[in-house]
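Me: I have a two-chain model to go through and would like to discuss it piece by piece. Could you take my questions as they come?

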Amino acid sequence: MPIQVLMPALSPTMEKGNLAKWLKKEGETIKSGDVIAEIETDKATMEVEATDEGTLGKILIPEGTADVAVNTPIATILADGESAADLGKASAPAQAAKAAESAPPAEAKAEAPQPKAEKAPAAPPAAVTEPDPEVPAGTEMITQTIREALRDAMAEEMRRDPDVFIMGEEVAEYQGAYKVTQGLLQEFGARRVIDTPITEHGFAGVGVGASMTGLKPIVEFMTFNFAMQAIDQIINSAAKTLYMSGGQMGCSIVFRGPNGAAARVAAQHSQDYSAWYSQIPGLKVIAPFSAADYKGLLKAAIRDPNPVIFLENEVLYGHTGEVPKLDDYVIPIGKARIVRSGKDVTLISWSNGMTYALKAADELAKEGIEAEVIDLRTLRPMDTETIVNSVKKTGRAVTVEEGWQQSGVGAEIAARIMEHAFDYLDAPVARVSGKDVPMPYAANLEKLALPSVAEVVAAAKAVSYR
Amino acid sequence: MAAPKKSVAKEPGQEKANGSPPEFTKAQELAALRDMLLIRRFEEKAGQLYGMGAIGGFCHLYIGQEAVVVGMQMALKKGDQVITGYRDHGHMLACGMDANGVMAELTGRRGGYSKGKGGSMHMFSMEKNFYGGHGIVGAQVSLGTGLAFANRYRGNDFVSVAYFGDGASNQGQVYESFNMAELWKLPVIYVIENNRYAMGTSVTRSSALTDFSKRGASFNIPGQQVDGMDVRAVKAAGDEAVAWCRAGKGPFILEMQTYRYRGHSMSDPAKYRTREEVEKIRTDQDPIEQVRNRLLAAKVSEQELKAIDAEVRAIVNASADFAQRDPEPDPSELWTDIYR
C-alpha cells in the first residue's frame, strides 16, 4: 500500500508551516535519509528527510504553500511494485497515524489548551474591547509575531543605547534557540550579541557584574527552567545590591526568556516562575500577553534602572498581534490593562493565562454574563488599584494562571482583593490554576494539568451563583 | 600559550626556595607597613567592639592576611576594580575607603557605607571602585568576571581583581567563570587567598588539588603560588599578573599562601587547629613584623615607626568613636533603596 508523507512537527509548539520547496520530483526514486523537501516555520527552514523507500508517487501539497497544518499528507511514496494506480489506497505510516489519533490536527487542537495563532490575541467583539491607552488614536498598526516584537524591541534599544548588549546560549550564530534574537548578530556584531557557554550560573553573574559598572545587559535564558541554576545571582546579587549598598550601586539588567509550560516537554521544562520571582523585593517582574505589550514592556524593561525579570511564553512566540508603528513605543511597567470590560465578574490573568480568560469571557457572554478581563502584564509591582476598582464594580473575581496554586500569584491577588475590597465582594475569590502536580508528558494528562477554558467558565459561574 | 615563569610553591613557614622577592624602596616599605597596620588595628578594634555587642551578626576578621590586599593594591592603578567575599574589611581599607564609614557600617549606623543596611559583608564604594563585599561564597568570582567583561566591552585597559578563598575555590561558578574569562580573554586577576581553612575544614580535607594556582589549568589560565605573608612577593606577583591582563592576554590566577590568625568568624571555637600552629606563624611569618624588621635593619628609627603606629591608632580610635556615636538609620530608611 502506498505510504503517505505527513507534514512534520519540527518543534514542540509547531502547529503549521510553509512547504518551501520540493527537492524530489514525482517519479524520482527515494531512499531513506534523502532530503525530499524544505519546510519553513516562523523560526527556521528545516529539511525533511524520507524515512521510507520507494518512488515519489504524488506531491499532494505543491511548493510555496503556506500554513500547512502538522500531519497534513504532503506526498505519497510508492513502494516497489506499486504504481500510480495504487495511489488512492495510500495510508499514513503507522507512527504518524498513531500521532494523528491522539491529536487529530483539526478537531482536537481547537479544544486544546494551547492557543492557535489566529486566535491568540483572541480578538473579542470590538464593542467590549478597551482601547490601549498608550496608543494615540489613529496610530498605524503593523501585524507581527511576538517573536518579532521582542526582536524589534531589543534592536531598537540597542540602537538607542550602546551600553545595551545581549548574552545567552545560542543568541548569536544560531539566531536564538527560539529565534527571538534573529538578525541581531548581523546588525550589532559579536561584541554586543554574545554566545555564552552552557553555564547559566556563571553568565548570570557575569551579567550582574557588568551591570554594576553601568552597562545594561539583556541576559537570555534559553528557558527560565534553566535559570534555577542562576537564581542565586538573580536574587542575592542583582535584586539586593541596591539596598545593601545604601543606594550606591544597583543593576540595570533584564533577565528574559520563555517561562511556563511549553508543549509536551514534561516536568523539568514546564514550570511557571511567576510566583517565585514576584516575591522578591528589588526585582520587577513582567509577563505580557499581547504582541504590543511584549514590545512596549521589553523596551521599558531594558531602560529600567533595576533588575527586571521578563517572563515570555514559548507557546505565544509565533502568535501575531497588532503592534503600533511608533518610533518609541514604551509601556509603563506596573500598569495592568483592562482588555475587555464587563460588569458581572472580573477575570484576572497574565501571559498565556489570558488565552483561557479571553475565551472564557466569550463563552460567558453567550450565557449573558459580562466578564471584565484584566491583563496584569506586570506582576511586580502589581497594579492593585486596577484590580480593586474592577472588583468594586463587579463584586466577583476569578484569577487564572498556569502556575501552581500554593503561594501563587492568584493567592496574592485574592489576598489583596480581600484586604482592599472585602465589603464589595459578593462571593469568595476563585482561583483557576495549574494542577498541583509536576507537568506530565502524556498529551491527555498535560491537558488536564493545565487550566482550561471550561474551568474558567465554571469558576466564573460559581462566583456568580449560576 | 606562553605562561609566565612560575615561582616555586612554598608554604608559609618554608624556606624561601626562590630567594627574596625584589626589594621595596624605603617609601614603599613605610607605605606597606602603614596600610597593613591600619588593617590590623582596625580589625582588632572591630573584634573588641564585637565583644562589647556594638557589632552584631557575622564579623570575619582579616588579621594575618594583610600583606595580600596591601601588596595587590600596590600593583593596581586608579580605575582598576576590586571585589571580594565576606572577609572584606581589609580590602576596603586597602582600596582607600574611609575607616569611619566602614566601622559605622559594622555597627549598623547611618554613616556607614551602606547607611547601616549592608553590614560587615556588604559594603561598596563606586568612588574607590570597590564592588563589595559579597556574602554568598563564590558569587564574587562571577561578578568580578563581569567587571572584567565590562572593561573589555568598553575597550579600556582596567583590570578587575576578584578575591576569594580556598573554600570558595570549590564552588562550581568559579570554574564557569574561569572558562568564560579565558574564552573571552577577560582582564581579571583571580586572587585565591589560601588561608588553609574553609571555615574549619583544612584544605587537605576539602580539596582534591591543594595547589590552587593550578585550578585554572584545564582552562589554560596561568597561575602562580605566592608567599602571601611577604608583601613584596605579593606586589611582584601582582605586577606580573596585572601586566598579563593589561596586555590583553586574559585572566591570571594568584594563589596567595596566607594565614588567618583569628577564627573564621567571632564565634569560631577553633577546634580544628592547634594554638601552637597559630603561634608559630605569628612568630615566624607575620607580614607586618617582616616589614618592621627590615625597616629597623635599614636603620629607620623606632621613633618613625612609632609615629606610624600612633597615626593608625588615632584613625582607628576615631572610627570606633564615630561608629558608636553615629545614630542608627532613620526608620524611613527601611523603605528606601529597593528600587531606583
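Predicted model: local features only at pLDDT ≥ 70, side-chain atom pairs only at ≥ 80, totals over all residues.

Me: Then what are the helix and strand percentages over residues 35-331 of chain B, and how far apart are the end C-alpha atoms?

Reply: Over that range chain B is 45% helix and 10% strand, and the C-alpha atoms at its ends are 36 Å apart. The range comes from UniProt, where an unreviewed entry annotates residues 35-331 of chain B as "domain: Dehydrogenase E1 component".

Me: Which strands make up the open sheet of chain B, and in what order?

Reply: The open sheet has 5 strands in the order β1-β2-β3-β7-β6 (chain B), and the pairing is parallel. At the edges stand β1(B) and β6(B), the latter covering 223-227; each has a single partner strand, so one side of each is left without a neighbour in the sheet. From one strand to the next the twist averages 20°.

Me: What packs on that sheet?

Reply: Helix α8(B), residues 231-246, packs on the sheet and touches β3, β6 and β7 of chain B. The direction of α8(B) makes about 170° with that of β7(B), which spans 252-257.

Me: Let me turn to β2(B). Is this strand mostly covered or uncovered?

Reply: Strand β2(B), residues 160-165, is mostly covered, with 6 of its 6 residues buried. In a regular strand the side chains alternate between the two faces of the sheet. In β2(B) both faces are covered: B:Ser160, B:Ala162 and B:Phe164 are buried on one side, and B:Val161, B:Tyr163 and B:Gly165 are buried on the other.

Me: How many bridges join β2(B) to β3(B)?

Reply: There are 6 bridges between β2(B) and β3(B), residues 188-194, and the two strands run parallel. Within this pair, B:Gly165 stands opposite B:Glu193. The chain passes from β2(B) to β3(B) through helix α6(B), residues 172-183, in a right-handed β-α-β crossover.

Me: And how many join β1(B) to it?

Reply: Strand β1(B), residues 81-83, is joined to β2(B) by 3 bridges, again in parallel. B:Val82 has B:Val161 as its bridge partner in β2(B).

Me: What about helix α2(B): how many of its residues are buried?

Reply: Helix α2(B), residues 66-75, has 10 of its 10 residues buried. Among them are B:Val68, B:Val69, B:Val70, B:Met72 and B:Met74, as well as B:Glu66 and B:Gln73.

Me: On to the contact between the chains. How many residues does each chain give?

Reply: Chain B gives 31 residues and chain A gives 34 residues. On the chain B side, the elements that give two or more residues are α5 (139-154) and α6 of chain B. The largest share of that side, 10 residues, comes from α5(B).

Me: Now chain A. What does UniProt list for residues 2-78?

Reply: An unreviewed UniProt entry lists "domain: Lipoyl-binding" for residues 2-78 of chain A. Over this stretch the chain is 0% helix and 53% strand, with the end C-alpha atoms 5 Å apart.

Me: Which strands form the open sheet of 4 strands in chain A?

Reply: The order is β1-β8-β6-β3 (chain A), with antiparallel pairing. Its edges are β1(A), 3-6, and β3(A), 29-30; each has a single partner strand, so one side of each lacks a neighbour in the sheet. Strands β6(A), residues 54-59, and β8(A), residues 73-78, pair over 4 bridges in the antiparallel sense, and A:Leu56 has A:Ile77 as its bridge partner in β8(A).

Me: Is A:Val463 buried or exposed?

Reply: A:Val463 is buried, with 22 other C-beta atoms within 10 Å; the threshold for buried is 20 or more. A:Val463 lies in helix α14(A), residues 453-463. Beyond four places in sequence, its contacts are A:Val345, A:Arg396, A:Val398, A:Ala427 and A:Ala430.

Me: Finally, where does pLDDT stay under 50 in chain A?

Reply: It stays under 50 over residues 94-127 of chain A, for which the model has 43 contacts beyond four places in sequence. The mean pLDDT of chain A is 90, and 91% of its residues reach 70 or more.

Key
Residues numbered from 1 in each chain as written. Chains lettered and ligands numbered in written order. UniProt positions renumbered as here; feature names shortened; annotations may be inferred. Buried ≥ 20, exposed ≤ 12 C-beta atoms within 10 Å, placed from the backbone. Pairing = 2+ DSSP bridges. Right-handed = clockwise from strand over helix to strand, strands pointing away. Axes fitted to C-alpha atoms, helices over the stretch in contact; angles between N-to-C directions. Contact = placed C-beta atoms within 7 Å. pLDDT = per-residue confidence, 0-100.
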